[in-house]
Amino acid sequence: MRDFCTASGAANPCPEGCLSVGYTFTPPQCVERFYDYESALISGTVFPDLVIPKGRYGPKESFAV
Amino acid sequence: MNEEQTRLMLRLQQLGLTMDDLREYLDTHPDDSFAIERFNMSAQEYRQLLEQLAEDYGPLSWTCDNSESDNWLWAGQAFPWTY
């Protein structure tokens, strides 16, 4: 079987020593409540649990870039 | 756009956002009956509203019903951005 990395014309996406790919673990979340239609459009989502505005994480959360 | 039309258009947007968000959720949770029920409720009202807007103010989409008219209503009205 041809080794993909040495196949002619195949660009190797990663230079030597690049970081490995990260895997996320996202547990399936079942929803128990929805916003009403008006609130959903205002918040940009129908799921209240996704709306975590600044200050909701906790006093120490920082958004400094 | 008069006040009633503006109100109906806003309601349509509200329903549209809810349906969009639920569609993405249902793609990964196809068995969630709670979400399906919510989607079906929204979709039904969305269709009714679309028909009502088409009847009262003209079609919002070229796929709206044109059977009541001998003219091609879609092209016969002002485009939404020319209000």
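Modeller: Two residues are in contact when heavy atoms of one lie within 4.5 Å of heavy atoms of the other. By that rule, 17 residues of chain A and 18 residues of chain B form the contact. The model is predicted, so local features need pLDDT of at least 70 and side-chain atom pairs pLDDT 80 or more, while totals for chains, interfaces and linings use all residues. Residues are numbered from 1 along each chain as its sequence is written, chains are lettered from A and ligands numbered from 1 in the order in which they are written, and side-chain values use heavy atoms, without hydrogens and water.

Biologist: What makes the area between chain A and chain B "buried"?

Modeller: Buried area is the accessible area (1.4 Å probe) that two parts lose on being put together, summed over both. Here that loss is about 1,400 Å², with 67% from carbon and sulfur atoms. On the side of chain A, F34(A), Y37(A) and L41(A) lose the most, together 52% of what that side buries.

Biologist: How do you know the class of the residues on the side of chain A that touches chain B?

Modeller: Ala, Val, Leu, Ile, Met, Phe, Trp, Tyr, Cys and Pro count as nonpolar, Asp, Glu, Lys and Arg as charged, and the others, Gly among them, as polar. That side therefore divides into ten nonpolar, three polar and four charged residues.

Biologist: Why is the pair D49(A) and R33(A) called a salt bridge?

Modeller: The term requires a side-chain nitrogen of Lys or Arg within 4 Å of a carboxyl oxygen of Asp or Glu. The N to O distance between R33(A) and D49(A) is 2.7 Å, so the pair qualifies. D49(A) lies in the segment after α1 (37-43) of chain A and R33(A) in the segment before α1, 16 residues apart. Over all chains there are four salt bridges, but the count between chain A and chain B is zero.

Biologist: How do you know that L17(B) touches chain A residues?

Modeller: Under the contact rule, leaving out residues up to four places away in sequence, L17(B) touches A40(A), L41(A), G44(A) and T45(A).

Biologist: What makes the second largest pocket a pocket, and which residues line it?

Modeller: On a 1 Å grid over the protein atoms alone, a pocket is an open set of points where a 1.4 Å probe fits, with protein on both sides within 12 Å along at least five of seven lines; lining residues have an atom within 4 Å of a point. The residues that meet this lining rule include R47(B), E51(B), C64(B) and L73(B). The lining divides into five nonpolar, one polar and five charged residues.

Methods
Helices (H or I, at least four residues) and strands (E, at least two) are DSSP runs, numbered from the N terminus.
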